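The following exercises are to be worked with the sequence and the coordinates at hand. Each task is followed by a solution in steps.

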Amino acid sequence: MEQQVTNNSKKLKQLPQNLSSLKTVSYDVNARDKLHAIWFLGPSLLVLAVFVFYPMLRTLYLSLFLTNNLGKPTVFVGLQNYWSLLTSSSYLASLQATFVYVIAVSILTLIFGLLLAQAASFKVKGSNFFRTVFSGTMGVSVSVAAIFWLFMFNPSIGLLDQIASVLHLPVINWLTQPGWAMTAIVISTVWMNLGFTFLIFFGALQTVPVNLYEAAQIEGVSKSYQFFHITLPMISPTVFFVSIITLIESFKSFGLIDLMTAGGPNNATNLLVYRIYQDAFLNGNYGLASTESVILAIIIAIFTFLQFKILEKRVTYQ
Amino acid sequence: MIEAHSKRQKILEYTVLLILTIFILIPFILGFWTSFLPTADISKGALWSSHLSLDNYVAAITQTPIIRYLFNSLVVSILTMLAQLLFCSMSAYAFVFLKFKGRDGLFYLVLATMMLPFEAEVIPNFATVRSLNLLNHYAVMVVPFLTSAFGIFMLRQAFLQIPTEVKEAADVEGLSHWQFYARVVLPYSRISLLTLAAYSFLASWNQYLWPMLTTFSDNFRPVQDGLRQLQSQETFNNWGMIQASAAIVVIPTLLVLFIGQHYFKSGLNEGAVK
């Protein structure tokens, strides 16, 4: 009986297909496309739904609750979590440290990235060697970078303090003094960023028409004038693009902090993502950590939105 | 006069290049160099020793699971890369070549997910993988990253470059969507696919927070978190061995970077211009 039903439904399914093949080819294209859309899009949409959309809503939801140590919501507190965070001096200090870190990293990455790209464009022998070296940190992952720089910053055996003691300068406890710890993290992050930034800027420099420089040369314009009035305006879309990417990535920094300072000393490098990790997975305060996540997401969403706006502009101008 | 000027300029240029090279290379060089020194000498602050050897490498390979960590990372990164190539290209295909209701709305929804940082969603995601019984397994590092909004966006931009005549010709030939996708669209966009491959591989290789939360044993722990493990264990002050481990981890990626640089650079630029 069941067999028959399925057989019949099979026949029914076959019928319109047979008909359509007798008719024109374009018949039923929309239905065909709709069916294909399910297969082509299904896997991606499923993954995004489970691991992006659902957690977003869930995080929003949890941010309004107190939770038990298993992460289950217990007491609805409304915006209480937000209020207590935004009035907590320790959270505001984290927020401030994050902004200092993000701004310092972004500015230094841009300046040094441009400098590297400009230097790699010098017409000298061996410039290929320099290009390879400058892109090198792109192959360095976060834990390797942390090991390299932990050694550099080590107060007794690190190179920086060895040089300092040779020059009779005061030895700095890089990772255990608040201001210096932040400096150390910024230097390490910028160093890690430079490989990628260099490659992007170097690529952009190659797109500036050579005749602009030739004209400037004839006019006898100085190199720095050429840089600020020809190069920079010509590659400004790339500069914007890189600065937004760097900003967003810096807001999400976690690895170097975990490996080098663990948020210390005195929470001086306790940046937003590290705080979320601490509050959720070390202190078991999932409600509060969710609230922190929402705040982080809002900040990053604003910058990502800006990035789209800029990309849109570039596409229409080109 | 002009010659003297250009000579001075050359010297200036080389000086700038040299200073920048030192800043970039010093952490590498110092790391590699100390990996050949006995730890006893390193901890005295000596940068020279009469006992240069590969002992640290032997110790790292025999006393730590560093090779296992590398293998784990390789498995996870390759699986993630292959999955993203497949699923991102399929989704991008749907957004470019299939006509269905709500297509553009759906695309903007996918695009909007690029605004949501994974870091802000780890709490529910951890609960999800725990209830799916994926904890402490390769799957936990692959499944959430089977697709990526960035990859879909990038490939959609690439597929849009395919001339409409190509699609029309394929329709006349009677190619199905799967045939057109596999035989025309993918080969046509191979540079963008290569870029996504490199990008997704590196992104997976550099994952740190998520594997740290979800893997608890050396059998599955990837190399980034493996190095963290080495540092926090009794080897903490064994600088020679730690530097050797770092070198073992970084040398393969540097080689891949230098060999693949030509392709990667052209791919990146193509992606950045669009």
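Helices (H or I, at least four residues) and strands (E, at least two) are DSSP runs, numbered from the N terminus. The model is predicted: local features need pLDDT of at least 70, side-chain atom pairs count only at pLDDT 80 or more, and totals for chains, interfaces and linings use all residues. Residues are numbered from 1 along each chain as its sequence is written, while chains are lettered from A and ligands numbered from 1 in the order in which they are written.

**Exercise 1. The loop between H12 and H13 of chain A**

Task: Locate Asn266(A), Ala262(A) and Gly264(A), and classify the exposure of each.

Solution. 

Step 1. Asn266(A) is found in the loop that joins H12 and H13 of chain A. Ala262(A) also lies in the loop between H12 and H13. Gly264(A) has its place in the loop between helix H12 (255-260) and helix H13 (272-282).

Step 2. A residue is buried if 20 or more other C-beta atoms lie within 10 Å of its own, exposed if 12 or fewer, and partly exposed in between, with C-beta atoms placed from the backbone. Asn266(A) has 12 C-beta neighbours inside 10 Å and therefore counts as exposed. Ala262(A) has 13 other C-beta atoms within 10 Å, so Ala262(A) is partly exposed. Gly264(A) counts as partly exposed because 15 C-beta neighbours lie inside 10 Å.

Step 3. Consider the backbone. Phi is near 50 degrees at Ala262(A), a positive value in a residue other than glycine. Phi of Asn266(A), likewise not a glycine, is positive and near 55 degrees.

Step 4. Gly264(A) is 15 residues from Asp279(A) in sequence, and their C-alpha atoms are 15 Å apart in space.

**Exercise 2. Helix H11 of chain A**

Solution. 

Step 1. The buried residues of H11(A) include Val242(A), Ile244(A), Leu247(A), Ile248(A) and Phe251(A), together with Thr238(A) and Ser243(A).

**Exercise 3. The two chains**

Task: Describe the secondary structure, burial and contacts of chain A and chain B.

Solution. 

Step 1. Chain A has 14 helices and two strands. Chain B has 14 helices and zero strands.

Step 2. Among the 318 residues of chain A, 42% count as buried; among the 274 residues of chain B, 41% do.

Step 3. Two residues are in contact if their C-beta atoms, placed from the backbone, lie within 7 Å. Of the contacts with a separation of 6 or more, residues 24 or more positions apart account for 66% in chain A and 79% in chain B.

Step 4. The radius of gyration is taken over C-alpha atoms, and the globule rule is 2.2 Å times the number of residues to the power 0.38. For 274 residues a compact globule would have a value near 19 Å, but chain B has 24 Å. The C-alpha trace of chain B spans about 75 × 75 × 30 Å along its principal axes.

Step 5. Chain B is divided into domain 1 (2-55) and domain 2 (65-232), with bounds that come from an automatic or database domain assignment. The centres of domain 1 and domain 2 of chain B, taken over C-alpha atoms, are separated by 39 Å.

**Exercise 4. The interface**

Task: How many residues of chain A are in contact with chain B, and which helix of chain A gives the largest share?

Solution. 

Step 1. The interface pairs 74 residues of chain A with 68 residues of chain B.

Step 2. Helix H2 (residues 29-62) of chain A supplies the largest share of the side that touches chain B, 20 residues.

Step 3. That side of chain A divides into 50 nonpolar, 20 polar and four charged residues. Ala, Val, Leu, Ile, Met, Phe, Trp, Tyr, Cys and Pro count as nonpolar, Asp, Glu, Lys and Arg as charged, and the others, Gly among them, as polar.
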